[in-house]
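Reader: I would like to learn how to read salt bridges and helix packing in a model like this one. Could you take me through it step by step?

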Amino acid sequence: MDLDLKNKTALVCGSTQGIGYAVANELAQLGANVVLLARDESKLKQVQTELYNGGDQKHYYLQGDFNEPDQLKKKVENFISDVSPIHVLINNTGGPPGGPIISAKPEEFLNAFNLHLISFHGLVQATLESMKSASYGRIINIISTSVKQPLNGLGVSNTIRGAVANWSKTLANELGPFNITVNNVLPGATNTSRLNSIIENKAKKINSSSDQVLDNMKNEVPLLRIAEPNEVANAVAFLASPAASYINGINLPVDGGRTKSL
């Protein structure tokens, strides 16, 4: 199986923590040059030093904010022009705040739309010519299992994630002729700071302990545990590799079987 990403450059968004961090490490292990993208420059510098380097890899970082999609796109365009083409794009950023959909204000939907779909779209536009020139492209969007089964208490997130999934499927149809695949990875409950925040908020609302809420989450999963970030990263890395050349336009849940739909 060809998992070799040597001489490929991967842009990994949200790569200083959680799933993004795990993905950056996994892609580096497969030989890719990694471009880290996040807001905190001190964390970016630290992660850059931690990435595996087989001796001839080059790792970079870009400081950017997904709340500013136009500036984000420009920074990536400048990087490609001055430093290196991009062959693998991992779109990943934090989810919108939780809450029932009926209580959501219009601006919450607009902010989430910019944070996710508009930013992701701009990064695809920025990297597309690199991928076309190389006749190799992998666009992988980290979304959520809410694409298949909306999650209670995450109204805005459910709405925007669904939009991103449909945008992605449309891209897969359009970019396939250029040997560019577009796929979505749908993490379930994963051991990240966002999950901890969700657990704490839910515990307060139902007057329970965080441990009890976590146990309830585990019991919803056939494997009776939540995922570690590297388990999601393994799926992302496979889709980024040459071995996944004929997988295109899919939603891949990595949730231990929790999602009840096929």
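Reader: How many salt bridges does the rule count here?

Author: The general idea is that side chains of opposite charge can pair when their charged atoms come close. A salt bridge is called when a side-chain nitrogen of Lys or Arg lies within 4 Å of a carboxyl oxygen of Asp or Glu, and that rule gives three of them. Bear in mind that this is a predicted model, where local features need pLDDT of at least 70 and side-chain atom pairs count only at pLDDT 80 or more, while totals for chains, interfaces and linings use all residues. Residues are numbered from 1 along each chain as its sequence is written, and side-chain values use heavy atoms, with hydrogens and water left out.

Reader: Which residue forms a salt bridge with lysine 6?

Author: That is aspartate 56, and the closest N and O atoms are 3.7 Å apart. Lysine 6 sits in the segment before β1 (9-13) and aspartate 56 in the loop between α2 (41-50) and β3 (60-63), so the pair ties together parts 50 residues apart in sequence. Those labels come from DSSP runs numbered from the N terminus: helices are H or I of at least four residues, strands are E of at least two.

Reader: Is aspartate 56 buried or exposed?

Author: Exposed, at a relative accessible area of 51%. The cut-offs are under 20% for buried, over 50% for exposed and partly exposed in between, with a 1.4 Å probe and protein chains only. Lysine 6, at 43%, counts as partly exposed.

Reader: Where do lysine 132 and glutamate 129 lie?

Author: Both are in helix α4 (residues 106-134), three residues apart, so about one helical turn separates them. Another salt bridge joins arginine 225 and glutamate 231, at 2.9 Å from N to O. Here arginine 225 is partly exposed at 39%, as is glutamate 231 at 27%.

Reader: Now the helices. At what angle do α6 and α7 pack?

Author: Axes are lines fitted to C-alpha atoms, for helices over the stretch in contact, and angles run from 0 to 180 degrees between N-to-C directions. Helix α6 (residues 193-205) and helix α7 (residues 210-219) pack at about 115°, with axes 8 Å apart. They are therefore roughly perpendicular; angles under 35 degrees count as roughly parallel, over 145 as roughly antiparallel, 65 to 115 as roughly perpendicular and the rest as oblique.

Reader: Which residues of α7 make the contact?

Author: Ser210, Val213, Leu214 and Met217, facing Leu195, Ile198, Ile199, Glu200, Lys202 and Ala203 of α6; contact means heavy atoms within 4.5 Å. These residues divide into seven nonpolar, one polar and two charged. Ala, Val, Leu, Ile, Met, Phe, Trp, Tyr, Cys and Pro count as nonpolar, Asp, Glu, Lys and Arg as charged, and the others, Gly among them, as polar.

Reader: What about α1 and α8?

Author: Helix α1 (residues 18-29) and helix α8 (residues 229-240) pack at about 50°, their axes 8 Å apart. That makes α1 oblique to α8. Their contact residues comprise ten nonpolar, three polar and one charged.

Reader: How do α3 and α4 cross?

Author: The axes of helix α3 (residues 69-82) and α4 come within 9 Å and cross at roughly 20°, and the two are therefore roughly parallel.
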